[in-house]
Amino acid sequence: SRSLRRRPPHLFGVLSALAIGILAGCASGPPVPQEEPGPLPLSSPSVPIVRMVATKSTFETTFRTVYWKEGKDPVPVGDRITPLIAAFPKELQDEVNASEDVRSSDGKVLPRSLNVAWGAVVSVHPDVMIVTIRKQTPRGAPVSAYPFEAWESSANDASDKDIHPRVEDFNYIVPNCAVHISAGPLAPRSEDMWAVSTEPDFQSRRLAFENDQTTVTLPAGTLVLTRRDNRVDVIRK
């Protein structure tokens, strides 16, 4: 009969809604970055920096891309960090990549890193990264003995409560880069620290502290670095 051939009303509604949803998704275009509070590196008083996030969800997960905006169009953080990594002087590159050959239990000879590096983007306009080098833990040490364990976002130690709210973790945001990356007005402390910048007139160099303090001169202003316990606090004057 005619009634048996008619499409069920509820099924027609579901299919229509699905079609509208697909068309709306196709027409929406790429996600638009929206302003969102969070940790940021220091910026020039004349060019304030704004943190923005673009979110894209799929059936399986949600992708988040963080942007920094300084009076112009927002720029993905990865596009700011990549040139800083490329600006590493050769001596710093050699330290980051230093390794030794070790023999595994099955007789294979494999490279083992001698140092672990952490790069903290502490300032923008111009962009400045403080790179901290720490010695790799001895062979056979427990996994928890990672030299920067307290700085990882997954750390639960109570002493880290002052660190994590002030920095954002961009771990391995640059492909094929062994340097752990964060951004904010803090950097891990070490006896071996470098200042690197993309500013053409900036001389990337190893930092020398006197009475636990040093300065980094910028084209406009100065960064003052102060060592405290496990961290280095950075302010911009």
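Q: Which residue is the bridge partner of Leu186 in β16?
A: The partner is Asp233, in β16. This is a predicted model, as is everything discussed below.

Q: What makes β11 and β16 a pair?
A: Three bridges run between β11 and β16. Pairing asks for at least two, so β11 and β16 qualify as paired strands. Their sense is antiparallel.

Q: How many bridges join β15 to β16?
A: Six bridges join them, and the strands run antiparallel. The cut-off is at least two bridges, so this pair passes. Arg228 stands opposite Arg231 in β16.

Q: What lies between the strands in the hairpin of β15 and β16?
A: Two residues lie between the strands. Asp229 takes a positive phi near 50° in this hairpin.

Q: What makes β14 and β15 partners?
A: Five bridges link β14 to β15 (residues 222-228), in the antiparallel sense. At least two are needed, so the pair counts. Thr214 stands opposite Leu225 in β15.

Q: In what order do the four strands of the open sheet come?
A: The order is β11-β16-β15-β14, with antiparallel pairing.

Q: Why are β11 and β14 said to stand at the edges?
A: β11 (186-188) and β14 (213-217) each have a single partner strand, so one side of each lacks a neighbour in the sheet. From one strand to the next, the twist averages 25°.

Q: Why is β16 described as largely enclosed by the rest of the structure?
A: Five of the six residues of β16 (residues 231-236) are buried, so the strand is largely enclosed. Buried here requires under 20% relative accessible area.

Q: What is the strand order in the open sheet of six strands?
A: The order is β9-β10-β7-β8-β12-β13, and the pairing is mixed. β9 (168-169) and β13 are the edge strands: each has a single partner, so one side of each is left without a neighbour.

Q: In which sense do β7 and β10 pair?
A: β7 and β10 (residues 180-183) pair in the parallel sense, over four bridges. Gly119 stands opposite Ile181 in β10.

Q: Which strands does helix α3 touch as it packs on the sheet?
A: Helix α3 (residues 77-86) touches β7, β8, β10 and β12. Its direction makes about 60° with that of β8. Helix α4 also packs on the sheet, touching β7, β8, β12 and β13. The direction of α4 makes about 130° with that of β12.

Q: Which residues of helix α4 are buried?
A: Leu92, Glu95 and Val96 are buried in α4 (residues 90-97).

Q: How do you know that the buried residues line one face of α4?
A: Seen down the axis of α4, they fall within an arc of 100°, so they line one face of the helix. An α-helix has 3.6 residues a turn, so residues three or four places apart point the same way. The face turned away from the buried side carries the exposed residues Lys90 and Asn97. The buried residues of α4 pack against β7 (115-123), β8 (128-135), β12 (192-197) and β13 (205-206).

Q: What makes the contact of Arg206 and Glu95 a salt bridge?
A: Their side chains meet at 3.0 Å, N to O. The limit is within 4 Å, so the pair qualifies.

Q: Why is Glu95 called buried?
A: Its relative accessible area is 14%. The cut-off is under 20%, so Glu95 is buried. Arg206, at 34%, falls between 20% and 50%, so it counts as partly exposed.

Q: How do you know that Arg227 forms a salt bridge with Asp212?
A: The closest N and O atoms are 3.1 Å apart. Arg227 lies in strand β15 and Asp212 in the loop between β13 and β14, so the pair ties together parts 15 residues apart in sequence. Arg227 has 14% relative accessibility, which is under 20%, so it is buried. Asp212 has 28%, so it is partly exposed.

Q: What links the side chains of Arg231 and Asp233?
A: A salt bridge links them, at 3.0 Å from N to O. Both Arg231 and Asp233 are buried.

Q: How many salt bridges does a search of the whole structure find?
A: The search finds 15.

Note on methods
Residues are numbered from 1 along each chain as its sequence is written. This is a predicted model: local features need pLDDT of at least 70, side-chain atom pairs count only at pLDDT 80 or more; totals for chains, interfaces and linings use all residues. Side-chain values use heavy atoms; hydrogens and water are left out. Axes are lines fitted to C-alpha atoms, for helices over the stretch in contact, and angles run from 0 to 180 degrees between N-to-C directions. Buried means under 20% relative accessible area, exposed over 50%, partly exposed in between (1.4 Å probe, protein chains only). The arc is that of the directions from the helix axis to the C-beta atoms. Contact means heavy atoms within 4.5 Å.
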